[in-house]
Amino acid sequence: MGKTQTFTGGRRVVLTIYVVVVAIAALTGLILGTFVEGNLLAPKFLGLIEFPATPLGLAAYGALTLATVLGVLLGLVIYVSDRYAE
Amino acid sequence: MATGQLALTVLMGVFLIAVAAWLSRVEDWRSYAPLSGGGGYGRETGTAHEEKPAGLIRWLTTVDHKDIGILYGLYGTIAFIWGGLAVLLMRVELASPAQDVIEMSFYNGLLTSHGITMLFLFATPIIAAFSNYFIPLLIGADDMAFPRINAIAFWLLPPAAVLIWAGFFLDPLTGGQIQAAQTSWTMYTPLSAEQANPGVDLMLLGLHLSGVSATMGAINFIVTIFTERNNKVNWANLDIFSWTILTQSGLILFAFPLLGSALIMLLLDRNFATTFFTVGGGSPILWQHLFWFFGHPEVYILVLPPMGMVSYILPKFAGRKLFGFKFVVYSTLAIGVLSFGVWAHHMFSTGIDPRLRASFMAVSLAIAIPSAVKTFNWITTLWNGKLRMTAPMLFCIGFISNFIIGGVTGVFLAAVPVDLVLHDTYYVVGHFHYIVMGVIAFGVFAAVYYWFPIYTGRMYQRTLAKWHFWLVMVGTNLTFFGMLILGYLGMPRRYATYDFNPAITPMQAITALHQLATLGAFILAIGMAIFVWNIVMSWIEGPIVEDGDPWSLKETNQHGHEWHWHENRVNRSIVAADGGEEEVATDGGEDE
């Protein structure tokens, strides 16, 4: 019976998804900054910190915004997982 | 002419009587009539599936929920292929800005057919494929509460598809007098009311029929889950997939009859000079209210069951129970209720009252909360899990990551100012395709692979299944990420050609993104071809599963009712055959 099983750590998979989704946000900023340069307003992270309206600035803004939002959720996941079995 | 038609009618009548006479002779119908042993409210139906006739007759006359599930699956797959081929043609046309492959009217027909086919002829029936097959097994029922209505609900679908697609076939036969409907799947008035093409009427009738089918199915599921549960299955331990099907059926019960009524009103406008949705005397906005009061719950009708599938399957390969089961059920119910309060977010740009817009924006943002609760619970289930990366698990993980992207882009669209900028651009198309293809279809694929040993008795080819996953994952993200960017750059939906002022929007970028999306669509198509090949060939000649627990679910105490049923069946067949065939190599996540 082919039941030899290999396991992958759940944490590794979750962190990979997190990194990939944040990278996609950065890519979106990079592409938009490249294509519509000149027509952009400088974005403000959390309405406070202004990023330059360049491809890299938008990429950093996108990545940081999503990393923060999803990071809060991930933090909650870690917090809850450590305290409750189910 | 009249004599000819009369002769044709008589001929058809004689033919139908001959078919009926032949069918009545080939089998003794009553020998396997489902209610021959009594049956009724809360009791066993006495269904005698052991005496099924053989061959085609079995499939034409079956009332067994498992057979009907397989019929739904076959039907959904055929529709998926049709809808997929339609969109490949469209993507080829869009690979360059000019009109150079197909006529614009044909493009519009494909656009309409793709949307309606994928939503009503693929997604709804493919979910019914699993719910029909597995709900009775999961809740320990003998069959659906109304097996004959179950069969009727399915058999309404083939004529529905024929009517919806009729324009394509009748166009060459009638010299263009009847064409494929070109209304888009939303059938917005006044366009859909004013198009003289009878193909639109046929499509509306077909759509109506598919709605009747879905409603009959929904009633059946509600009654089945309420009254046919085994004594050991109560509301507290009802599985998550059954919960989502129950909620989905409730949504169908309220949403689809409304669509049916709106379709009848549109047909009356088109054919009997009523003025429900006309510009003079009626209101095109009324159509949008009615349509989206159905249309937005429809999104959740389609997405809740795949969410249930993932909630059900993911823990099996994470080696632990679903985290926060109760909250996943509550979030399902919350989404079901809220889904009826968000329809006007499709209409922010129509000029409706700003106070209405603000309230619908609030409810639309609120629906992100139960959706996030589900995602939270899936990820928490994964976090401390020991994952087995089988094909069903890969699709569950792909489902979650696509859902994050589709969900986040949706939250932005719920905000009125963002929506006003992005409305009717490819951003919207990218967002909902992340959900429809990246989420709904991924959940379905996970279910196809997970339950494959039960409904075929065989195992699929693991390597091909992983090829399928990676090609579909890459194709989905390439295609629909490209669409999100296209939308940001201002590319409108629904057009067969495009032209931009380079000073405002870089034309090269638009063309390049369309080509990327086309490339992604073809990668998707290759993945799907591999999928169909794998399913068909494995069904015919895959290794027979003689293990009652091919996924080793007993190790983590997650061997569900359907696998108990499968185990009993396997044991019976082994006793009957008194010998075994080759043993199956399970997709246990081992190295390739």
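Buried area is the accessible area that two parts lose on being put together, summed over both. In the predicted model examined here, the area buried between chain B and chain A amounts to about 3,500 Å², with carbon and sulfur atoms giving 70% of that value. On the side of chain B, F376(B), W383(B) and F481(B) together supply 21% of the area that this chain buries against chain A, which is more than any other three residues. The contact draws 42 residues from chain B and 36 residues from chain A.

Between chain B and chain A the count of salt bridges is zero, whereas four residue pairs, both members at pLDDT 80 or more, are in polar contact. Several elements of chain B, namely α13 (368–383), β1 (386–387), α14 (391–414), α17 (462–488) and α18 (507–541), each supply at least two residues of the side that touches chain A. The residues on that side of chain B comprise 23 nonpolar, nine polar and ten charged ones.

In chain A, V36(A) is located in the loop between α1 (10–35) and β2 (44–45). V36(A) is classed as buried because its relative accessible area of 15% falls under the 20% cut-off. The C-alpha atoms of V36(A) and A53(A), which are 17 residues apart along the chain, are separated by 9.9 Å.

Conventions. Residues are numbered from 1 along each chain as its sequence is written. Chains are lettered from A and ligands numbered from 1 in the order in which they are written. This is a predicted model: local features need pLDDT of at least 70, side-chain atom pairs count only at pLDDT 80 or more; totals for chains, interfaces and linings use all residues. Side-chain values use heavy atoms; hydrogens and water are left out. Contact means heavy atoms within 4.5 Å. Buried area is the accessible area (1.4 Å probe) that two parts lose on being put together, summed over both. A salt bridge is a side-chain nitrogen of Lys or Arg within 4 Å of a carboxyl oxygen of Asp or Glu. A polar contact is a pair of N or O atoms within 3.5 Å; within protein, one must be able to donate a hydrogen and the other to accept it, and residues adjacent in sequence count only if both atoms are side-chain atoms. Helices (H or I, at least four residues) and strands (E, at least two) are DSSP runs, numbered from the N terminus. Ala, Val, Leu, Ile, Met, Phe, Trp, Tyr, Cys and Pro count as nonpolar, Asp, Glu, Lys and Arg as charged, and the others, Gly among them, as polar. Buried means under 20% relative accessible area, exposed over 50%, partly exposed in between (1.4 Å probe, protein chains only).
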